[in-house]
Amino acid sequence: MFSTSTLADDFDYDAFVKAYFDAQVMTQQPNATKEDLEHYLSFLTDDIGNQHFPNAPDDSREPDGKEMMRKGMSRYLGVHTEYKAEIIGYQYGYNAVSIKHKFSAKGKRSDGSDFSYSKVALDVLELENGKVSVIRRYSE
């Protein structure tokens, strides 16, 4: 269900997609900081809903959604030894943005074991008053 709060006619979707994606990517870099995380979180509403198929199928907006994301993402700051991401394409309109992107990472788990992955994902973002109110990530 999309928000009834519409964006201004002059909302720059292209600039928003670039700034949002760059902020998200910075949180995954080997040298990611709490400041990088706070910058990314500044793009989100306080009651953000975050759905990540297939692991987190619920997209309910929670009053403390941003705080829950802060807590969850803080655990992973700096775990990557390598991280690369690239936008494949994006579309926007009607207070929504879809971003298809690819990313790859290497790093160490808390138990010291190595991990490596490469994925393509589709992020569908609902926007409200210029901020992301719901994130739905589709990937394998």
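This briefing describes the sheet and the helix packing of the structure above. The model is predicted. Its 5 strands form an open sheet of mixed pairing, in the order β1-β5-β4-β3-β2. Helix α1 packs on this sheet, and the axes of α1 and α2 come within 8 Å.

**Sheet arrangement**
- The edge strands are β1 (44-53) and β2, each of which pairs on one side only.
- On average, neighbouring strands of the sheet are turned by 20 degrees against each other, direction ignored.
- Helix α1 touches β1, β2, β3, β4 and β5 (131-139), and its direction makes about 160 degrees with that of β2.

**Strand pairing**
- Strands β2 (residues 80-93) and β3 (residues 96-108) run antiparallel and are joined by 12 bridges.
- Within this pair, S98 of β3 stands opposite Q91.
- The hairpin of β2 and β3 has 2 residues between the strands, and Y94 takes a positive phi near 55 degrees there.
- Strand β3 is also joined to β4 (residues 114-128) by 13 bridges, and these two strands run antiparallel.
- The bridge partner of F103 in β4 is K119.

**Helix packing**
- The axes of α1 (residues 13-26) and α2 (residues 34-41) cross at roughly 150 degrees.
- Angles over 145 degrees count as roughly antiparallel, and α1 and α2 are therefore roughly antiparallel to each other.
- The crossing in which α1 passes α2 is left-handed.
- Helix α1 contributes Y20, A23, Q24 and M26 to the contact, while α2 contributes D36, H39 and Y40.
- By class, this contact of α1 with α2 has 4 nonpolar, 2 polar and 1 charged residues.

Notes
Residues are numbered from 1 along each chain as its sequence is written. This is a predicted model: local features need pLDDT of at least 70, side-chain atom pairs count only at pLDDT 80 or more; totals for chains, interfaces and linings use all residues. Side-chain values use heavy atoms; hydrogens and water are left out. Two strands pair if DSSP finds at least two bridges between them. Helices (H or I, at least four residues) and strands (E, at least two) are DSSP runs, numbered from the N terminus. Axes are lines fitted to C-alpha atoms, for helices over the stretch in contact, and angles run from 0 to 180 degrees between N-to-C directions. Angles under 35 degrees count as roughly parallel, over 145 as roughly antiparallel, 65 to 115 as roughly perpendicular and the rest as oblique. A crossing is left-handed if the near helix is turned anticlockwise from the far one by less than a right angle, and right-handed if clockwise. Contact means heavy atoms within 4.5 Å. Ala, Val, Leu, Ile, Met, Phe, Trp, Tyr, Cys and Pro count as nonpolar, Asp, Glu, Lys and Arg as charged, and the others, Gly among them, as polar.
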